[in-house]
Amino acid sequence: MNVLEYICLDSENKFRSKTVFSSQPIEEIEEVIVESSMINNVVVESHDIVMVPVKCIPNPLLRDGKHWLVLCELRYPNGSIHKFNTRDALFNLIAEHEDYQVALTQQFVLFNEDKKPMGWNDKIDLMKNYTSKLEYMQHSQKIIDLMIENLIYVGIGISNIQMERMVSRWSVTFQSKGVVEACDELFLFRYILQRLCSNNNVIVSFNPDPIKSSMIYSRCYLSLSSEKMRAEDGLQELDRACKKLELKHLEQHKFLCEFNSKQFSYGQNSSRYDAVIHLNSNNGGYLEDKRVAADCDIYRIAERIVRTIETDYNIDTMSANLEQLKERFNYKNALNTGIVRPVITTTAVGTSHGT
């Protein structure tokens with residue numbers, strides 16, 4: 001008997017779930033019919049909704065080979081897309097642009113039962129930078145360690161994680177992969193983290209403004225690239241993409257996050273830009289869009305950003321001279337330069353160094 005926890009997003013981008021017991025093999029997982037109350041706070045009329053499985057992983061909280069988490073999208077019984085299903089539009093767009101890769105970075109804050117960030121005290125100065133300070137990390141490290149261990153168990157790959165700027169505000173970056181798969185895994189990550197925190201009397205917040213009036217905002221960064229951007233001299237394509245994002249910024253800046261400025265900026269090697277260009281040794285690379293709110297519907301956001309980049313706006317200034325771009329972006333990221341590292345040799349214990 002398999003215990004399947006069907007997960008979906010409701011009208012407010014919040015998680016809802018339904019547990020189903022099935023004697024079917026996990027490879028034959030089925031759709032589930034639920035009522036509209038499953039995804040709406042106010043029930044005006046009751047009608048059926050179909051939860052369609054799109055990704056299934058072992059439940060890391062109950063490791064017996066029988067418990068599973070099933071991420072679903074929503075459809076109507078006739079097979080048409082439900083109005084709250086934002087995944088389908090992204091899926092169809094990426095089917096035409098399968099070369100896109102994205103690495104998502106999710107920021108969040110861990111609060112204690114008193115609704116204060118873990119490790120918070122009267123001496124905390126909001127303007128001070130607490131990034132990766134061990135004496136403050138230790139207050140929330142237990143949850144982070146549990147989170148890492150659970151993500152490894154289910155196979156969700158992490159590139160890096162650290163506490164950033166504010167006490168108990170963490171940032172986790174996931175490994176680069178196809179856009180739809182990356183977005184699916186982000187929602188599964190959020191669900192697992194919320195369950196872990198609930199089991200340990202901790203509150204996790206994806207609120208983009210976790211501490212009111214602090215001017216410290218939580219975001220969800222998208223580091224994305226197409227094959228042309230990653231190719232040799234892809235800088236020209238990266239510059240063109242950023243100009244398209246700039247062109248649509250006034251229209252989209254509130255949609256991405258209500259705390260965005262009306263001015264759009266992009267450049268290299270500074271986190272203060274809205275979009276940061278990261279270059280490899282071949283003058284190609286990826287762009288990191290830092291404008292997105294931490295609690296975003298990542299399906300809607302990714303679809304909007306990729307569509308903006310891929311739309312031809314027929315503006316002459318979209319294509320800058322490659323040599324001018326090379327002069328502006330005149331150095332690669334330090335980690336990608338040809339650094340000659342020292343040769344380290346080890347000598348066995350007890351080995352004589354004499355001649």
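Contact is taken here to mean heavy atoms within 4.5 Å. The structure is a predicted model, in which local features need pLDDT of at least 70 and side-chain atom pairs count only at pLDDT 80 or more, while totals for chains, interfaces and linings use all residues. Residues are numbered from 1 along each chain as its sequence is written, and side-chain values use heavy atoms, with hydrogens and water left out.

The protein contains nine helices and 14 strands, where helices (H or I, at least four residues) and strands (E, at least two) are DSSP runs numbered from the N terminus. Of its 355 residues, 49% are buried; buried denotes under 20% relative accessible area, exposed over 50%, and partly exposed the range in between (1.4 Å probe, protein chains only). The accessible surface comes to about 18,500 Å², and carbon and sulfur atoms account for 47% of this area. These areas come from the Shrake-Rupley method with a 1.4 Å probe, and for residues only the protein chains shown count as cover. Among contacts between residues at least 6 apart in sequence, 67% join residues at least 24 apart.

The interior was described in terms of nonpolar cores, each being a set of buried Ala, Val, Leu, Ile, Met, Phe, Trp, Tyr and Cys residues joined through side-chain atoms within 4.5 Å. The largest such core has 73 residues, and those with the most contacts inside it are Phe108, Leu110, Leu222 and Ile298. Helix α4 (residues 179–199) supplies the largest share of this core, namely 13 residues. Another core, of 14 residues, lies apart from it and includes Met38, Ile39, Met51 and Trp68. With residues up to four places away in sequence not counted, Phe108 touches Ile144, Met147, Ser168, Arg169, Trp170, Val172, Phe189, Leu193, Val204, Ser205 and Phe206.

Two packed helices are described by the angle between their axes and the distance between the axes. Helix α1 (residues 87–94) packs with helix α8 (residues 298–310) at an angle of about 35°, the axes being 8 Å apart. Axes are lines fitted to C-alpha atoms, for helices over the stretch in contact, and angles run from 0 to 180 degrees between N-to-C directions. The crossing of α1 and α8 is left-handed, a term applied if the near helix is turned anticlockwise from the far one by less than a right angle, with right-handed applied if clockwise. On the α1 side the contact is made by Arg87, Ala89, Leu90, Leu93 and Ile94, and on the α8 side by Tyr299, Ala302, Glu303, Val306 and Arg307. These residues divide into seven nonpolar, no polar and three charged; Ala, Val, Leu, Ile, Met, Phe, Trp, Tyr, Cys and Pro count as nonpolar, Asp, Glu, Lys and Arg as charged, and the others, Gly among them, as polar.

Asp88 also belongs to helix α1. Asp88 counts as buried because its relative accessibility is 14%. Beyond its neighbours within four places in sequence, Asp88 is in contact with Glu73, Arg75 and Ile81.

The loop between α1 and β6 (101–111) holds His97, and Ala95 is likewise placed in the loop between α1 and β6. His97 has a relative accessible area of 16% and is therefore buried, whereas Ala95, with 45%, is partly exposed. The C-alpha atoms of His97 and Ser226 are separated by 8.1 Å, although these residues are 129 residues apart along the chain. Ala95 and Val180, 85 residues apart in sequence, are 9.7 Å apart in space, C-alpha to C-alpha.

Lys228 is located in helix α5. At a relative accessible area of 57%, Lys228 is exposed. Residues up to four places away in sequence aside, Lys228 touches Asp99, Gly234 and Glu237. A C-alpha separation of 8.1 Å relates Lys228 to Gly284, 56 residues apart along the chain. Ala231 lies in the loop between α5 (227–230) and α6 (235–247) and counts as partly exposed at 34% relative accessibility. Ala231 touches Asn282 and Gly284, again not counting residues up to four places away in sequence. The C-alpha atoms of Ala231 and Gly285 are 7.5 Å apart in space, and the two residues are 54 residues apart in sequence.

Positive phi values occur at Arg165, near 60° in a residue other than glycine, and at Asn201, about 55° although it is not a glycine. Arg165 is situated in the loop between β7 (158–163) and β8 (169–174) and counts as partly exposed at 26% relative accessibility. Asn201 is found in the loop between α4 and β10 (203–205).
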